[in-house]
Amino acid sequence: MDSKTNSRIQQLEFLLKQMDKIHLRDAAAILNVSEMTIRRDLGSEPGSLVLLGGYIVKDPQRLNENGYFIFEQQSKNIAQKMQIGKLAAEQIREGDVVFFDCGSTIPFIASQISDSLAFTALCCSINTFMVLQEKSRCNLILCGGYYSRDNSFLDAVTLQNELDVVCPNKAFISAAGVHHQKGVTCFNFNEARVKVKAMHKSQHSTLVFDDSKINKIQQAYIGEIDQFDQIICNASLPAEFAQTALPPLISKS
């Protein structure tokens, strides 16, 4: 199997850790290749993925009872999250100490970091931890605490956790709502508290979100947009955001 085919198969395997199936045409759009190319990839040699009824799925003969269960948010806006993940992964440099938030976009960043890059990762989500632990040159720190099945989040049960004693030079913070007047929000108050703490501890904080979050407001307040050093989104922001003091935006648009 050549390197390009292997890379595409690895990306498909990652996507199928986030959902139980993906349509062939959606996979082709995400990977920016033809449907025929993916058909050839899957047929090149026996592997963990098969094509059934127009959908790519894990080979049923290889599945075991310890399946990986995902949450509703992770299966939404997959192409956009892959795009954001690529843009964000390109910001990570050799030797960086990076905090990874627990949002559903964050594993898509972790999955696209080069396996050859040596860096330190600090994360509070089992989902992101499972992606990063496959990267042999990543020094990985998992913040401990109470495990929430709703969002795969580890929340500290003591007064301190690893984030108190580690100083990241970069932090990727996700959001469920980004409003031009009401600021940046998420669903969970405990998550919001950790996001704010990571922003304060980090030298450079980057807000990551897909365009479905634009001008949405959720219950837990994180902060104002201008408290971030950088924004990464798959699209340009609407005109009403021009009234806000925006940090630099990286997008494909």
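Helix 8 runs for 13 residues and covers 19 Å from its first C-alpha to its last, close to the 18 Å expected at 1.5 Å a residue. Its buried residues fall within an arc of 165° when you look down the helix axis, so they line one face of the helix. Keep in mind that this is a predicted model. Across the whole structure there are 10 salt bridges, but zero disulfides.

**Helix 8, face by face**

- The buried residues of helix 8 are Glu-191, Ala-192, Val-194, Lys-195, Ala-198 and Met-199.
- Over on the other side of helix 8, Phe-189 and His-200 are exposed.
- At the start of helix 8, Asn-188 points a side-chain oxygen to within 2.8 Å of the backbone nitrogen of Asn-190.

**A charged pair inside helix 8**

- Glu-191 and Lys-195 form a salt bridge, with their closest N and O atoms 3.9 Å apart.
- Both residues belong to helix 8 (residues 189–201) and sit four residues apart, which is about one turn of the helix.
- Lys-195 has 1% relative accessibility, so it counts as buried.
- Glu-191 counts as buried too, because its relative accessibility is 9%.

- Side chains of opposite charge can pair when their charged atoms come close.
- Glu-134 and Lys-17 do this through their side chains, in a salt bridge of 2.7 Å, N to O.
- Glu-134 is in the loop between helix 6 (126–132) and strand 6 (138–142), while Lys-17 is in helix 1 (residues 3–18), so this pair ties together parts that are 117 residues apart in sequence.
- Lys-17 is partly exposed, at a relative accessible area of 29%.
- Another salt bridge joins the side chains of Asp-96 and Lys-170, again at 2.7 Å, N to O.
- Here the link runs from the loop between helix 4 (78–89) and strand 4 (97–100), which holds Asp-96, to strand 9 (residues 170–174), which holds Lys-170, so parts 74 residues apart in sequence are tied together.
- Asp-96 and Lys-170 are both buried.

- Which strand holds Thr-120? You'll find Thr-120 in strand 5 (residues 119–123).
- Thr-120 counts as buried because its relative accessibility is 18%, and the cut-off for buried is under 20%.
- Setting aside neighbours within four places in sequence, Thr-120 is in contact with Asp-96, Val-97, Val-98, Asn-139 and Ile-141.
- One of those contacts, Asp-96, is the residue that makes the salt bridge with Lys-170.

- A disulfide is a covalent bond between the sulfur atoms of two cysteines.
- For scale, a disulfide would need the two sulfur atoms within 2.5 Å.
- Cys-143 is buried, with a relative accessible area of 1%.
- Cys-186 is buried as well, with a relative accessible area of 2%.

Notes. Residues numbered from 1 in each chain as written. Predicted model: local features only at pLDDT ≥ 70, side-chain atom pairs only at ≥ 80, totals over all residues. Heavy atoms only, no water. Helix = DSSP H or I, 4+ residues; strand = E, 2+ residues; numbered from the N terminus. Buried < 20%, exposed > 50% of the residue type's maximum accessible area, 1.4 Å probe, protein only. Contact = heavy atoms within 4.5 Å. Salt bridge = Lys/Arg side-chain N within 4 Å of Asp/Glu carboxyl O. Expected span 1.5 Å × (residues − 1). Arc of directions from axis to C-beta. Polar contact = N/O pair within 3.5 Å; in protein donor to acceptor, adjacent residues only side chain to side chain.
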